Amino acid sequence: MSNRSPRGTAIVMAVFISAAIMALSILGTIRPVENTARTPLSIVQNFFGGFSQSIDSTAAELAELRTLRERNNELENSLALLQSEVAELREIRSDYDRLAELVNYVNQSSADWRYVAADVIGEDSMPTLRTIHLNRGTRDGVAVNDPVVTAQGLVGKVTKVSATGCEVLLITDQTSGVNVRLQTTRDKGLVEGTLSGDLVLRFVNTDVPIQSGDLVLTSGETQTFPPNLIVGQVSSPTLSEDKLFQEAPVTSFVDFERLEIVLVITNWEPVDLEVFEEQVQ
Amino acid sequence: MAVYYVGFPLLLMAAIFDTTLMTLFRFWGGGPNLVLMIIVSWALLVDLRESLPWAVMGGIFRDLLSLVPTGTSALIFVLIVVAIDWLIPKLGWRNLVVPPLVIVAVTVVYDLFVLSVLFIAGRPIFDILGFFYVIVPGLIENAAMVLVIYRTLGGLNAFLRPTSRVSLLE
């Protein structure tokens, strides 16, 4: 009997402490403490994150060595074509800027964005939760809801931030939804993540001609992300289960399995839409 | 007391490894869970009162590096440790198969618990195919790795307490 009591007390204590921390965490009461505790963790994580990234990229490079030469030739040909297209687009851009100035059209463009480059130092400890950890935090101007991108397109948005690091919810996560627009037809839809980490375009009207290879860009609606960020490329559209909409897989140009360096847009200010919601209520 | 002091850095590093080096071993939607393997192995090696603080510490460290609400893993780790302490002596098992068998059962319990909490917190739940996609890879990898962890911790336990060595393998 003398042994049972301290054991029972220890169990009750451990359950109570864990349950209390869990309840406070769900309620958000201990968020400042959690953020403070994550700061030293992100420093150590930074070191090991770099180490695992280098192992991963070395293995990948070795595996891809054979195809690299062919790919290089293809890319050089594509580059030559794209350079002429860029020159043409620069002309159009300068026309656009002049016309926008004439009509006093104010729009925050990508040229105005301030980027903070960040290393990916880790992933969520639960593989089903598609989040990554970066080595930039409030000290570097990163805030919750900041969009995260690479040169290849949209990556996700910041969900938690400490002084030295932050957590980014990837667009491939099951709970992610990105309001998008098809570049060619300008029709709208929603790109959602899936359990397997793929992207699917949903809620596109049935009369919209979706072409395989069409680019999908953020629409800027709901102000979750800035407009015109590349999300990916659609392929083989099908009817949704209820036959009311079309849906299609979206292939991102971002390799989410091998993200090493990303850019956080720190000065994008979404329009505050909450005031309209309050007025409706 | 040394076991408590050793547990803190060990579990802290394990939680960090789960988000860095161990991600290299992920396939499908699952991957190895180093913190869980350490907690289970330690619970098989030592008394409940020594394994409980490790369960709480390990759970908190793991959740701090995840979207999961802090304390979720700690709570299920505590329940797992209590279950191991109650069940294993009753069954009287003492052989090499015990750690892999226990980790397989415990991985399923842990993943289902955490996924249930996430479901309550508003995340979508998945079907039976999702179950295989997420949980099966994790439990296979945990079962493959747990003996290494168990033996290493057995060595650590013997080093910390040379006079009270306890092992399932003896």
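Twelve residues of domain 1 of chain A are in contact (heavy atoms within 4.5 Å) with 15 residues of domain 2 of chain A. The two domains of chain A are domain 1 (8-79) and domain 2 (115-269), with bounds that come from an automatic or database domain assignment. Taken over C-alpha atoms, their centres are separated by 18 Å. The model is a predicted one, in which local features need pLDDT of at least 70, side-chain atom pairs count only at pLDDT 80 or more, and totals for chains, interfaces and linings use all residues. As for bookkeeping, residues are numbered from 1 along each chain as its sequence is written, chains are lettered from A and ligands numbered from 1 in the order in which they are written, and side-chain values use heavy atoms, with hydrogens and water left out.

Zooming out to chain A as a whole, its C-alpha atoms fill a box of roughly 85 × 60 × 45 Å along the principal axes. The secondary structure comes to three helices and 13 strands; these are DSSP runs numbered from the N terminus, with helices being H or I of at least four residues and strands E of at least two. Of the 281 residues in chain A, 38% are buried, where buried means under 20% relative accessible area, exposed means over 50%, and partly exposed is in between (1.4 Å probe, protein chains only). Among the contacts in chain A with a separation of 6 or more, 56% are between residues 24 or more positions apart.

Now for the packing. The largest nonpolar core has 62 residues, and those with the most contacts inside it are Val40(B), Phe77(B) and Ile80(B). A nonpolar core here is a set of buried Ala, Val, Leu, Ile, Met, Phe, Trp, Tyr and Cys residues joined through side-chain atoms within 4.5 Å. Two or more residues each are given to this core by α2 (31-102) of chain A, along with α1 (2-19), α2, α3, α4 (72-91), α5 (98-120) and α6 (128-160) of chain B. The largest share, eleven residues, is from α2(B). Domain 1 and domain 2 of chain A both give residues to the core, so it lies between them. Phe77(B), leaving aside its neighbours within four places in sequence, is in contact with Val35(B), Leu36(B), Ile39(B), Ala55(B), Gly58(B), Gly59(B), Arg62(B) and Tyr110(B). There is also a second, separate core of 39 residues, which includes Val142(A), Val208(A), Val234(A) and Val264(A). In soluble globular proteins, nonpolar side chains tend to be buried together.

Over in chain B, helix α2 (residues 34-45) and helix α3 (residues 48-64) have axes that come within 9 Å and cross at roughly 175°. That makes α2(B) roughly antiparallel to α3(B); angles over 145 degrees count that way, under 35 as roughly parallel, 65 to 115 as roughly perpendicular and the rest as oblique. On the α2(B) side the contact is made by Val35(B), Ile38(B), Ile39(B), Trp42(B) and Ala43(B), and on the α3(B) side by Glu50(B), Ser51(B), Trp54(B), Ala55(B), Gly58(B) and Arg62(B). These residues divide into seven nonpolar, two polar and two charged.

The loop between α1 and α2 of chain B holds Thr20(B) and also Thr23(B). Thr20(B) counts as buried at 1% relative accessibility. Not counting residues up to four places away in sequence, Thr20(B) touches Gln45(A), Phe48(A), Gly49(A), Ser52(A), Ile121(A) and Gly122(A). Thr23(B) is buried too, with a relative accessible area of 14%, and with neighbours within four places in sequence left aside, Thr23(B) is in contact with Glu123(A), Phe17(B) and Asp18(B).

Arg186(A), in the loop between β6 (177-182) and β7 (188-193), has a positive phi near 65° despite being a residue other than glycine, and counts as partly exposed at 41% relative accessibility. Asn228(A) has a positive phi as well, near 70°, and is placed in the loop between β9 (215-218) and β10 (230-234). Asp198(A) is in the loop between β7 and β8 (199-205) and is partly exposed at 46% relative accessibility. Leaving aside neighbours within four places in sequence, Asp198(A) is in contact with Thr172(A), Glu192(A) and Gly193(A).

Terms used: Axes fitted to C-alpha atoms, helices over the stretch in contact; angles between N-to-C directions. Nonpolar A, V, L, I, M, F, W, Y, C, P; charged D, E, K, R; others polar.
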